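Hello,

Here is the structure I promised to pass on. My notes on it follow below.

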Amino acid sequence: MLMKYHSITFFLFALLQFGAAKAQQNADTGDLSRQIDAYVNSAFKLGKFNGAVLVAQKGEIILEKGYGWRNFATRTLNDSNSVFQIGSLTKPFTAMVILKLQEEGKLSVNDRLNKYFPQQKGAETITLQNLLDHTSGLNNYTDIFGPEDSAIISHPVSQQRVIGIFKQKPLSFKPGTKFEYCNSGYFLLGVIIEKLTGMSYERAVRQLIFSPLQMNNSGFDFINLHSASKAKGYLTADADKPDPAVLMDSTVTYAAGAIYSTVGDLYKWAKAIGKGEILSKSSRDEAFTPHLERYGDGWWIDTLFGEKYITHAGGLQGFMSNFMYFPDKDITIILLNNFGNYGGSLSDINTGISAILLGKPYSLYEKHAEIKADKTLLKQYAGTYRYNADHQLIVTFKDDKLFVEASNPKDKLPQVELHAASESKFYMNEAQLQFEFIKDASGKILKVITYNTRGKDAEWVKVK
């Protein structure tokens, strides 16, 4: 599977902006570099990151560095030239080619899908725009198989075989009415690119984007890449017990997630986006206009600390990626990581780096010592906690463990386990969020206080 909608990311962004906090003083480039390096190192030491980072502001690279192991077995270190799979960060490239073809009059994003795939069920109601912004209702082909199907996914497959997985399945919903992250839509966009250009998808991307930008370290067939800079993918960052990941062939991930690259190459791409190269202004405006769930044409568009950003991430077996660009500040943050799994995210790290660059308070990653909490006490913490009419946390006790989730679908916090640091304080492994349960003199649970990278964030009163 390729990265699916990284729900906890947006909940984290929301929590980061609930409370007001005093901004840090401005720092020069040297100070910023040292702060970011210390921050990423703190993540690396706790096994939260292992890869390469590039951070730039106003055309100046502030930090470009590798962290951890490129190959655990050979003890080869990552550096800024390490090559990683970027997974679903491929999608903005696919969308960019589609918009370029629209500029050339070869297609319209308003075209119906049956113009290109008449045999696809529901194609007469689906537009190319629906494919671009994940509102098609198509079944997601990467939900059908996983790493246990390595006999299939690790070898070349035909486009017909992949399309056959979802071609005749009924649509999940009426196109345009709902957002549902779907790799099938981007797979079809890749085939459409081939139909209209007379080239393979890979050649089209190379000709329209890679070659003009001299992205010479980027490509598609990662399994067969022979390069000393190639990073090996792992499921975890445990150097003592490395668990190599099963890689997916580029014909499987294709236009939804086949690209490999380096932080340096992706920065060339970022500069082209910032300068308005490759696409016209109208096409860029189209790409960066948010639709359902704040997703545009290959990009999520939102604000963090009051600043607009565009972003996309990737997560697959062995690799994670995260790209964030603040257009008004001309800030680029690129994170490539060679461990991970589906649904994994580097957004928490990216948020911390953003805080440093935007002069907001932040905290380094800290190691938590988990204790075994009393089950009777954990049961007492279960309940609903209210911040305001729109935001509530639901804490549940099951299987002798404590879990938290958000009641508002827009917060996108799935059920996540809380780990006890003390009898009243808990943390989650997925993000730098901590929870402190407060009770009165009689022992009645009154509220939970959340803490984020800036310290105390918000108080959630128990309502039931």
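**The sheet and its helices**

Six strands form an open sheet in the order β2-β1-β10-β9-β8-β7, with antiparallel pairing. Two strands pair if DSSP finds at least two bridges between them. β2 (60–67) and β7 (300–304) stand at the edges with a single partner strand each, so one side of each has no neighbour in the sheet. On average, neighbouring strands here are turned by 15° against each other, direction ignored.

This is a predicted model: local features need pLDDT of at least 70, side-chain atom pairs count only at pLDDT 80 or more, and totals for chains, interfaces and linings use all residues. Residues are numbered from 1 along each chain as its sequence is written, and side-chain values use heavy atoms, with hydrogens and water left out.

Five bridges join β7 to β8 (residues 307–316), and the two run antiparallel. Ile-301 stands opposite Ile-310 in β8.

Helix α10 (residues 263–275) lies across β1 (51–57), β2, β8, β9 (319–326) and β10 (331–337). α10 runs at about 150° to β10. Angles run from 0 to 180 degrees between N-to-C directions, and axes are lines fitted to C-alpha atoms, for helices over the stretch in contact.

Next, a helix pair. The axes of α7 (residues 183–197) and α8 (residues 201–213) come within 8 Å and cross at roughly 75°. That makes α7 roughly perpendicular (65 to 115 degrees) to α8. In contact (heavy atoms within 4.5 Å) are Gly-190, Ile-193, Glu-194 and Thr-197 of α7 with Tyr-201, Glu-202 and Ala-204 of α8.

Best wishes

Definitions and conventions. Helix = DSSP H or I, 4+ residues; strand = E, 2+ residues; numbered from the N terminus. Parallel < 35°, antiparallel > 145°, perpendicular 65-115°, else oblique.
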